[in-house]
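Let's take a walk through this fold together, one element at a time. Have the sequence and the 3D view open as you read.

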Amino acid sequence: SEVSAGLEHRLLSNAEILHGVAGLFTSSVYVTRDEFQRYIKQLDLHSYNPGIQGVGYIQIIPATQKEQHVATVRAEGFPDYTIRPPGKRDIYSSIIFIEPLNWRNKRALGYDVQTDPVRMQAASRARDEGEAAMTGKIILQQETDKDVQAGVIIFSPIYQIGMATSTVEQRKKALRGWAYAPIRIKDMLENYLQLEYKDFSQKIAIRLYSGDTANGSDLIYDSYPTTPTNAFDNNDETIISFRLL
């Protein structure tokens with residue numbers, strides 16, 4: 001129960017980071033890439049939120065502004081930037097900022113989260129409720145064909161300055177984009193266990209599911225041995241579930 005509660009706290013702390021990022025955008029009509037980079041750098045994610053893959057910004061882009069938007073981002077030093085997957089849509093959304101801007105996170109730039117139902121379900125819930133929301137099990141854009149991990153994304157809505165946000169309809173009209181945090185589950189969980197339960201983590205096996213039940217398709221982390229042992233008997237298993245965001 002303590003391990004479970006600590007994991008919940010770790011995920012909630014990531015949501016709190018996104019509330020701060022939303023505040024950055026609420027305080028400015030236009031946040032530059034350099035301002036965003038400096039803000040995230042000050043958070044020192046590696047020290048205070050180890051395991052989080054990064055923090056980014058997803059911008060809503062009307063179709064009429066798409067060409068100008070792409071040209072602007074390319075002029076900022078990303079000549080290959082484009083919104084993907086391709087296709088004509090009335091509204092686009094694109095990951096335009098993400099820090100730290102390492103090789104893995106660069107893979108996410110330009111991805112339109114609205115094209116994936118799982119991502120959009122959580123993003124829409126965040127938009128409508130005005131609170132952070134988390135996806136179920138997904139594969140992040142940051143993944144390659146090596147060491148593929150299950151992941152989740154936390155979204156926090158960002159609204160246009162000066163627009164009303166009291167009702168769901170008002171929040172839909174006012175949406176400017178989302179602050180978001182992609183999380184590679186294996187990285188986050190093993191980092192958390194190593195830091196908080198260094199000795200104990202070697203004596204337990206954990207299965208983590210993205211749903212409320214132990215459904216095999218929702219399994220996102222499994223540290224049970226391939227061959228059961230007396231120490232990790234599959235018939236002696238405690239399932240603790242809690243709703244996260």
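Over how many bridges do S1 and S2 pair, and in which sense? In this predicted model, eight bridges link S1 and S2, and the pairing is antiparallel. One place to look is Ile 61, which stands opposite Tyr 92 in S2.

Now widen the view. S1 and S2 belong to an open sheet of five antiparallel strands, arranged in the order S2-S1-S5-S4-S3. Its edges are S2 and S3 (133–134), each of which pairs on one side only. Strands of a sheet pair through backbone hydrogen bonds, either parallel or antiparallel.

Moving on from S1, you reach S5 by way of four bridges, again with the strands running antiparallel. Here Gly 56 has Tyr 180 in S5 as its bridge partner.

Back at S1 (55–62) and S2, helix H2 (residues 33–43) lies across both strands and runs at about 50 degrees to S2. S1 is mostly covered, with six of its eight residues buried.

Finally, zoom in on Ser 94, which sits in S2 (residues 91–99). Is Ser 94 buried or exposed? Its relative accessible area is 0%, so Ser 94 counts as buried. Beyond its neighbours within four places in sequence, Ser 94 has contacts that include Tyr 57, Ile 61, His 69, Tyr 81 and Tyr 111.

Conventions. Residues are numbered from 1 along each chain as its sequence is written. This is a predicted model: local features need pLDDT of at least 70, side-chain atom pairs count only at pLDDT 80 or more; totals for chains, interfaces and linings use all residues. Side-chain values use heavy atoms; hydrogens and water are left out. Helices (H or I, at least four residues) and strands (E, at least two) are DSSP runs, numbered from the N terminus. Buried means under 20% relative accessible area, exposed over 50%, partly exposed in between (1.4 Å probe, protein chains only). Contact means heavy atoms within 4.5 Å. Two strands pair if DSSP finds at least two bridges between them. Axes are lines fitted to C-alpha atoms, for helices over the stretch in contact, and angles run from 0 to 180 degrees between N-to-C directions.
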